[in-house]
Amino acid sequence: MSWKLLKYGFKRSHDEPRFFPEPKELKSHYDVVIIGGGGHGMACAYYLAKEHGITNVAVLEQGYIGGGNTGRNTTIVRSNYLTPEGVKFYDTSVKLFEDLSDEFDLNIFYSTRGHFTLAHTDSAMRTMRWRAEVNKHYGIDSEVVGRDEIGKAVPYMDLECAGHTPVMGALYHAPGSVARHDAVAWGYARGAYNRGVEIHQRTRVTDIRTRDGRVIGVDTDRGAISCGKVISMVAGSTPRITEMLNLPTPIEIFPLQACVSEPVKPFMDTIVVSGSLHVYVSQSSRGEMVMGASVDPSVLHSTRSSFDFVEGLADQMVDLFPFMSRLKVMRQWAGMSDMTPDFAPIMGKTPIEGFYLDAGWGTWGFKATPVSGKTMAWTAANDQTHELIEPFRYSRFADFDLVGEKGAASVGH
Amino acid sequence: MKLLDCPLIGRRPISEFDYVGEVRKPPVDCDTATWAAFVFNRQGAPSVLRERWYHRPTGYWFILDRDTLTDEVKAIVDAREVRYDIPA
Amino acid sequence: MTYRLDQQPLEWIDRGRTVTFRFEGKSLSGFAGDSISSALMASGHSLLGRSFKYHRPRGALTLANHDVNALFQSADATNIRGDVEPLTEGIELHACNVNGSLENDRDRFIGLFARFMPVGFYYKVFHRPKKLFPFWERKIREKAGLGRVNTDWTEQRTPKRYDYCELLVVGAGASGMQAALTAAEAGADVVLVDENPHIGGSLDYQLANEPAATGVRAALKDKVRNHANIRLFEQHYAAGWYTDHYIPLVGPKGITKLRAEGMICATGVMEQTAVFRNNDLPGVMMASAAQRLISRYAVSPGHRAVVLCANDEGYRAALDLMEAGIELAAVVDLESTPQRGSWAQQVTDKGVPVYRGCGIYAAQGSRHLQSVQVAAFNGKDCDPSELTAIDCDLLLMSVGWAPASQLLYQAKGKLGYDDTLQQILPRELPAGIHACGRVNGAFTLEQRLADGKRAARAALAELRGEFHAESQTLHRDRQAHSHPWPIVSHPAGKNFVDMDEDLQLKDLVNAAKEGFDNIELIKRFSTIGMGPSQGKHSNMNGIRILAAIRGQSIDKTGSTTARPMFHPVPVSALAGRRFRPERRTPMQEWHEAHGARMMEAGHWQRPEYYGQPEEREQAILREAQAVRSRLGLIDVSTLGKIEVLGPDAARLLDAVYTMKMSTIRQGMTRYALLVEDSGVIIDDGIAARLGEDRFYVSATTSHAAATFRILSQTVMDLGLDVRLVNLTDSLAAMNLAGPLSRELLKTLTDVDLSEESFPYLGIREGTMCGAKVRLIRVGFVGELGYEIHAPAHKAMEIWHTLMRAGARYNIRPFGVEAQRILRLEKGHVIVGQDTDGLTNPFEANMPWAIPLKSKPWFTGKPSLVVLKERCQRRLTGFMLPQGYSGERIKECHLVIKDGDIAGRVTSIAYSPALGRYIGLAMLDLPLANEAKTLHVRVDSGSLVAMSPCKTPFYDADGKRQTADLTEVA
């Protein structure tokens, strides 16, 4: 039994400090305004305060902390990307994730499970090898494994896939993990708050004011604020923010859906993704099977659920895991994915001075939470795009210098 | 499943359609920046977007104005309205 | 001891059919029509399960699938909801989530340590030291989850049905039946759905003994059952509302996907728990649960009862208990001066003590309720200074209701709190959505029937585009049926708000204290409403508690999103029947009969090679050699084939493809490369000119549909006078390749095959085997060869003829693998293998296919103008020394220069023609220009040296594609 549990048990009253402050009035000026109180925004506020001593910061969140894609993703963390820039970036993120529980003194349930990306065709096998080779080059633990090894690790999976698209092999990424997504945002939020950052929930940014090409403040539904720097970290709401500045971006919003089964006793320790079948699954610490697929086919700014999503997912999932046909889907939901043409984010400085963008996360935002916060904080503090995110710069599209992440599978959570 | 009104054969489930995206006319004789903006940038914010949809069973294209916030189809547009010319 | 009552007038059980089953190793029996829970309770088992976290004993709570106290495991399934799952003969059941047995659950002691597990405790512990977390995590995972999965269970899939109606009515209680009937009588096509095995709703349990309901019930049921315009879906639940009134109805045999024009929610209300200490003991249940138990299953919920109430319904339940022969010890009414109706009067008249202005301070008992402590209640809390103990084994809770408004929320209805009814009610409902009955605040039978009629009229008027003026608030009751604060604190806690998650009052209070004090955060931190019953019995109290903490109104506090599903839906039903469309070329059976190993190519299957898997490599080599030395035949029917007709045909192809197609001479073909606006290669094929206004283009297998779409979009965008015909399916194609191909073919066709009249890259139309065919001189595999495009129905005959006639030349069918080697020897690129999602033609080493100067426009040209100057990598040929026998190089192995990644191998194969390994690599510039030696890192991590070289590797000047056998021999 943990000492802390005893401490809680013998305390007479529940005197745990607040994670988040009581709501209070907006100040008239902040040095930095962060739009978006999800994982990224909270992480950025945290690192601004912790590593750069910038504490006159307001995080403005139109809903509640972690209520956007932070609380809607399927919590997978991994670094087995295709491009060197992607691998370096996400590897930094994984390493930060590993220490977050300790850093926050808050258990984010970071749980290393091992991550299989199945290949059902020889072209998928080629992509897996490509990813494995690039990963290994940068010291990332990834390898192409055959059916035997998959069968040993996931003995209850039907490698024949009901006879239609047999599994040929997989990319195995041992560091693949899951974490409690909400707790990541809460931990960062608490850390930022304790260092003096103000967090304002239910505060919607209605406009961003500029003068001579630089940011001078933001208007909100609770009043105007002046500030020298604005960092937009709003994922699926990005185009609404950039539109305020007439800043064009390639970002389009597509719903991404997921669902969970009723809880069952944990039996599945690995994360399994099949790009060809467009499904992925892991089991949460509560015992629910957490399942998802690829983004919806058309642009939509909505978190509505569709029935065809869950039908298609169930159909494919049963091919891989026949016994799962006896489980029940309990709940489905959706998030809004901010997709870019090259499946890589858009980060760093923009043509508008003092306006920094952290967007274009597509389906991969959660796993980038710590590193995004850290590099964006550095970028805003130094007014210079951090080298780790230089490949993701806003100007790359104008330069026809895209990131090659598109070569990876279409489903890659 | 959502329904779309196919001008040829009425209301059909959306799974019969391919979504192609916003109707965009390529700029001609422009500088590189304008061209790059055409190639990559999109109207990402919620709006009534003029889009191309392709009905696979009939091979029929149609253009519609759809509110990307509410998913409501506001109008079906004659394809002739979105024609453009290219340098010959 | 049996708890089975004498026959009840409306009971669902069939006493003539005994059903035997086993529970926790014991043989028991019930009747057909019993649920698992009712059969167990009839046999005296009030302990039905153990709670999720503390493994507390649990019994029936709602009996309505609004809680998961009674979850069971059988050989075939888990998380079986005993309250609603019909009992089946011979089933062997165990409780879920117990360590040992239900009776002696070794984890029941966890409850003793509850004080050490405050809300969200797991966020605060186990993570230090980091090394120990995996240990703790294992421990937590052992305790997590409910039922156990058997991974040997076989696949289950149930077929789906589709249906349509004008008006869907959800819920066949009084208002729902009335609404369906009114709509049906007006001519509407109605579907009426109810999750229960029988229609009737609360008429049949709450008003079972109410004389006034008898006539209404019989008439409504009879008319509903017999009306031609009403289709009844009993034992089906509406799993969710989806865009455009798409509502899956889930029943025991699967899903019916219903499309409605409009929907009336007559979904009723869900009874809510009173919160007090030990309110989860078996024997404490909703009043409606006891009424269900008695009326449906003729099972007595106990012997001596106390009823806790805050509404008339509690008194009705008290009367029902007495009617069933259960001793009624007392009624405890939370209100001190209640305005109660005739039911309360009847209870008083029968001499039952009524404690007004009192609540239950605590329930007592270890495994089952033994007594309750009654204390004065001031609307906020109980006063524990004076407690009255009453012995009882049954306590009914009748303190309030939450609307079953999930579908309304999903349909984007707006609801708000009504202070009169103390209930959340519909405010603004979107088009096509209506609500009636208790979900809409109509509580008396008269109100419900009137409201059902009103909703039907409103829905019909809307469907028919008519005006309808009746307010949806017209028939709402004017008194509360829910108590605004049915919650009593206790220093020792165990006053549960959410039974699924073992959440106590203090858990919510503490979560709010820690800053999780808005409705979404409190849900996420405390997990209220996140369990399998999704807050059906707990969310309303959760909102009330949070509103009280914040000092806010219920409306200001808000409610969480009601996401689908209403009840969990079996994956087997969602999956439906397995449907995997396959496309078959006319020759597929032949391939399979001749030992082909097939591989997937989208929906198609293509021969990978012919032969035994253990001889794969040799088989492929033999096939390649046959083409080089003699003759081979490959099925290429999967290629996209598109006829382009009309005056603007050439203009279209010029616009779409990089190369100039308008200058192709009639009877000739040209390489056709397709790039996106961004300049990225997406497809290739050939374009052939058959006439001035008539072209024929091919596309790769995987891109065929997309290429057709691009062509047709361009026709529309440019307003071209072009007709496109997709011949991909109606024409089959095969490639006869090898130096002897002309020799063979000339005997089988009327086309003049002489080099002069049918040169390389030519296309000719003629006949073969009596069918019209197109012959194309192609060069993909680098030999003299003819692609034969023929009507699908004649293709097999042509294939047969070629194989028979070719026998004397030792013709060999070849598959995709041999073709890959042959094309590699020629340095031809496979789009998608040698290119990736960003490769442009300059990188693919095809500058010759990009006429930037001579063509004013083609899709992607402006991008390519830029990319030509910014080319950063290029596809380059390489070879290994002859006789190389080192470690295998595989596709996607990396090229390493000075320790950095400098490219990757995109294709590699052993070339039988060259007697060495050859390949293509995408190399960074300037390496691609300068390198004399390349180093590739293989699986073991060591570097293998290879030499860059020009392509083609084989027959660089292309003589073999154009020359006669005699000339090259």
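1. E1(B) and E2(B) form a hairpin, with three residues between them. Strand E1 covers residues 3-6 of chain B and strand E2 residues 10-13; they run antiparallel and are joined by four bridges. Within this pairing (at least two DSSP bridges between two strands), Asp5(B) has Arg11(B) of E2(B) as its bridge partner.

2. This is a predicted model, in which local features need pLDDT of at least 70 and side-chain atom pairs count only at pLDDT 80 or more, while totals for chains, interfaces and linings use all residues. Residues are numbered from 1 along each chain as its sequence is written, and chains are lettered from A and ligands numbered from 1 in the order in which they are written.

3. Chain B contains one helix and six strands (DSSP runs, numbered from the N terminus: H or I of at least four residues for helices, E of at least two for strands). Their order along the sequence is β-β-β-α-β-β-β. The C-alpha trace of chain B spans about 45 × 30 × 20 Å along its principal axes.

4. Chain C gives 79 residues and chain A gives 72 residues to their contact (C-beta atoms, placed from the backbone, within 7 Å). On the chain C side, H14(C) provides the largest share, four residues.

5. Strand E17 of chain A (residues 328-339) and E29(C) run antiparallel and are joined by two bridges. Lys328(A) has Pro570(C) as its bridge partner in E29(C).

Key:
Two residues are in contact if their C-beta atoms, placed from the backbone, lie within 7 Å.
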